[in-house]
There are 2 protein chains.
Amino acid sequence: MSCFEKFHELLKERGFRLTPQREAIVEALHQVQGDTVTAERIHELVGQLEPGIDLATVYRTLEMLSQIEFVKSIDSGGKVRLWQFVGAEDPHPHLLCRSCGMLFGVEPAELEQLSGQLRELYGFDIDIGQLTIPGLCPACRQGR
Amino acid sequence: MSCFEKFHELLKERGFRLTPQREAIVEALHQVQGDTVTAERIHELVGQLEPGIDLATVYRTLEMLSQIEFVKSIDSGGKVRLWQFVGAEDPHPHLLCRSCGMLFGVEPAELEQLSGQLRELYGFDIDIGQLTIPGLCPACRQGR
DNA sequence: ATGAATGCAAACCTTTTGCATGTCA
DNA sequence: TGACATGCAAAAGGTTTGCATTCAT
């Protein structure tokens, strides 16, 4: 099942309507794939596909998409909220470079040991998919 | 050396001035100890100690305090920034409960293996002291 | 037909900034 | 005295909301 089919399916399932605006926004998210984007950036991209779509609509749609888990809201540490298209993928952790702002996906499996350890030591159940680890990426480490 | 002595010391060292406002703000942070607070909350607390201190001053002071590493800015995921008094302690990672908002300190040593692993696999150098791991705390896990 | 979605504009909220005034060193 | 800190008010900037209108179902 294609991504768009899945999208239509989920909308119907949850009683949301299919509108040209929503299609354009999903299309734009599709373009940036796994990259994280601001609502503003999506608004720009959408403007090229279908001009005249309001920023408020972008926000409302992102909100709706996160309800159907098509999009995930990322915690960037700054004041801007970041969004990421996840489509059918599982949520996964990220590495966030404090210098260049780049975000890298990490295999959840890499963190299994950490997860077990924290569970054992503190009884704490971590949300691996929500984890964003700050630090310095290889490129920035060398460039300074 | 007491916390306040250390505070005075650090101010002098970095050329910052000691003002009643700054003392009151540090006092308020002292009251909430390891808890995370918003600038707004600090402003309330400070208002009880010494009325008339402006919110802008709270912000400017928190900024200054984070420069001398008396306070740490925490990434809550929401739109509000959280602050935590760290005083003389070294920065350390935290566990953040998504349900009750409680924040727990973690021994940096617990994360050494993770740190090495990410360094090896991705060349990524993590800021252990800045790491905040989201999840569910023991109490909230049981309460639902 | 009718309730949901949109566009527009205004409101909101947290944080930041400019500027005149006050104050610590 | 002189640079730094404060209070006040206004600006900024991202996000949300109210409302009349349009549109998908």
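I counted a residue as near a molecule or strand if one of its heavy atoms lies within 4 Å of it.

**Conventions.** I worked on a predicted model, in which local features need pLDDT of at least 70 and side-chain atom pairs count only at pLDDT 80 or more, while totals for chains, interfaces and linings use all residues. Residues are numbered from 1 along each chain as its sequence is written, chains are lettered from A and ligands numbered from 1 in the order in which they are written, and side-chain values use heavy atoms, with hydrogens and water left out.

**Entry 1: DNA strand D.** I found 20 residues around DNA strand D, of which A:Tyr59, B:Thr19, B:Gln21, B:Thr57 and B:Arg60 come nearest. Of the atoms of DNA strand D that come within 4 Å of the protein, 66% belong to sugar and phosphate.

I then looked up polar contacts (pairs of N or O atoms within 3.5 Å; within protein, one must be able to donate a hydrogen and the other to accept it, and residues adjacent in sequence count only if both atoms are side-chain atoms).

I took helices (H or I, at least four residues) and strands (E, at least two) as DSSP runs, numbered from the N terminus. Two or more residues of the surface near DNA strand D come from each of α4 (55-67) of chain A, α2 (20-32) of chain B and α4 (55-67) of chain B. α4(A) gives the most, with 4 residues.

**Entry 2: the domains of chain A.** An automatic or database domain assignment supplies the bounds: domain 1 (1-88) and domain 2 (92-144). I noted 25 Å between the C-alpha centres of the two domains of chain A.

Which residues are in contact (heavy atoms within 4.5 Å)? In chain A, 7 residues of domain 1 are in contact with 7 residues of domain 2. Buried area is the accessible area (1.4 Å probe) that two parts lose on being put together, summed over both. Between these domains of chain A it is about 480 Å², with 52% given by carbon and sulfur atoms. I recorded 3 residue pairs in polar contact between domain 1 and domain 2 of chain A, both residues at pLDDT 80 or more. On the side of domain 1 of chain A that touches domain 2, strand β2 (residues 71-74) gives the largest share, 3 residues.

Definitions and conventions. Contact means heavy atoms within 4.5 Å.
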